[in-house]
Amino acid sequence: MENSWHMVDNLSTEQKAIKKEAIYFIEEKINNSQKGVFIIEGQAGTGKSVLVTALFEKIQESSKEKKSKIYGTKNFVLVNHPEMLKFYKRVAGKSDNLLKKNFERPTTFINRCKKEVKYADVVIVDEAHLLLTKRDSYNHFDQENQLEEILKYAKVVILIFDNKQVLKAKSYWSTEKLMSLLKETDIKIKHLRQQFRIEANSAVKEWITAFCEKEILKLPSSQNFDFRIMDDANEMYQLIRMHNENVGTSRVLATYDFPYRLDGKDYFVNAGNLQLRWDRSKPQEKLAWAEREDTIDEVGSVYTIQGFDLNYAGIILGPSVGYDKVKEELILYSEFYEDQAAFNGVKLLGINQMNVKERLMLNAMNVLLTRPKKGLYIYAVNDDLRKRLLR
């Protein structure tokens, strides 16, 4: 993630093809009476943010060219993730074509357009799976669905979407729900399939995928990827510190199973023989949490690390992740999950509440386990799970 700006000129063949198709789609739909929605689906590590950076750079460059079909257009990138927004605004300072004011939170964009009766031409929504699907006073969103509101104020919308990264009931998306909302629009869907982040063989990737669906496969080996199950949490932390000194951008992360409040106080993750402070909220910092050197002494949550790359990650699986000896699979205890706010609105979804809670918890774990490029260490607080993984 931290290298996204340097990679925009080195897109893969797949990324270049989708970028070209997106530009053609915009040119075709920009003056069309029917809304156009271009969906780019891709799982963690498939280069979605790199593509967003390159695509928006091209759009803004073309908007300044008089011969271009999108000359004079007003375009924006929206992302419902404060740490990602910091990154994009920093990227904007490195390009003549990008301005910080073109990067906003969805609610900011919606409320401004409504108040000023203004419209945009092209809107790219990164991390579209984080868009709210119900009103949320905490985020100053008074309508029913953020995507529905964005469509009111944009001619062409490009959605970057991964339904395995939905983390809250108030932004609970499925592909079916997405398509039902877009039934009146002209839609095109493309898929990013090539994995760029995890530098491991297919067995490691399959293990992670299965684990995030509660299945425990035989522990794979990988020559180029350091993959270990740890019996000592402090030893894991010391390994992460060593890697951070040698190659940089290595951090400890944890499932949201330890108390935390946004009240300015410090809260701690206690795992075995390790006590480490949760990530501190610093909204005024220009650098994102994953990019700041001082955060080596903290534990990152799914909300601070989503969308970012690490070289090495040490993952603490807290009390909510256990082992079912009868079924021989993971068991999730939603009552131990400290992010109970993630479950607000589950009843209103009209589907099995336990299944939804489990899905959100598995999605969060998937985000954590798919961050590292060079090495992954896992420590489980639950004794039964730790013994099973070590076995």
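How do the residues of the lining of the largest cavity divide into nonpolar, polar and charged, and what are the counts? They divide into 8 nonpolar, 2 polar and no charged, where Ala, Val, Leu, Ile, Met, Phe, Trp, Tyr, Cys and Pro count as nonpolar, Asp, Glu, Lys and Arg as charged, and the others, Gly among them, as polar. The structure is a predicted model, in which local features need pLDDT of at least 70 and side-chain atom pairs count only at pLDDT 80 or more, while totals for chains, interfaces and linings use all residues. Residues are numbered from 1 along each chain as its sequence is written, and side-chain values use heavy atoms, with hydrogens and water left out.

A search of the whole structure finds 2 cavities of 30 Å³ or more. On a 1 Å grid over the protein atoms alone, a cavity is a set of points where a 1.4 Å probe fits but cannot get out; a pocket is an open set with protein on both sides within 12 Å along at least five of seven lines, and lining residues have an atom within 4 Å of a point. Grid points are joined across faces, edges and corners, and a volume is the space filled by probe spheres set on the points. The largest cavity holds about 50 Å³. Among the residues lining this cavity are Thr255, Ser320, Val321, Leu332 and Tyr337. Helix H11 (residues 353-369) supplies the largest share of the lining, 5 residues; helices (H or I, at least four residues) and strands (E, at least two) are DSSP runs, numbered from the N terminus.

The largest pocket contains about 1400 Å³ of space. It is lined by 46 residues, of which Pro82, Arg105, Tyr138, Leu262 and Tyr303 are the closest to its centre. Helix H4 (82-92) and helix H10 (302-305) are the elements that give two or more residues to this lining, and H4 gives the most, with 6 residues. By class, the pocket lining has 14 nonpolar, 12 polar and 20 charged residues.

Two backbone positions were also examined. Most residues other than glycine have a negative phi. Glu127, however, has a positive phi near 50°. Glu127 is placed in the loop between strand E4 (120-126) and helix H6 (146-152). This residue is buried, at a relative accessible area of 4%; buried means under 20%, exposed over 50%, and partly exposed in between (1.4 Å probe, protein chains only). Glu328 likewise has a positive phi, of about 55°. It belongs to the loop between strand E13 (321-324) and strand E14 (329-332). Glu328 is exposed, with a relative accessible area of 54%.
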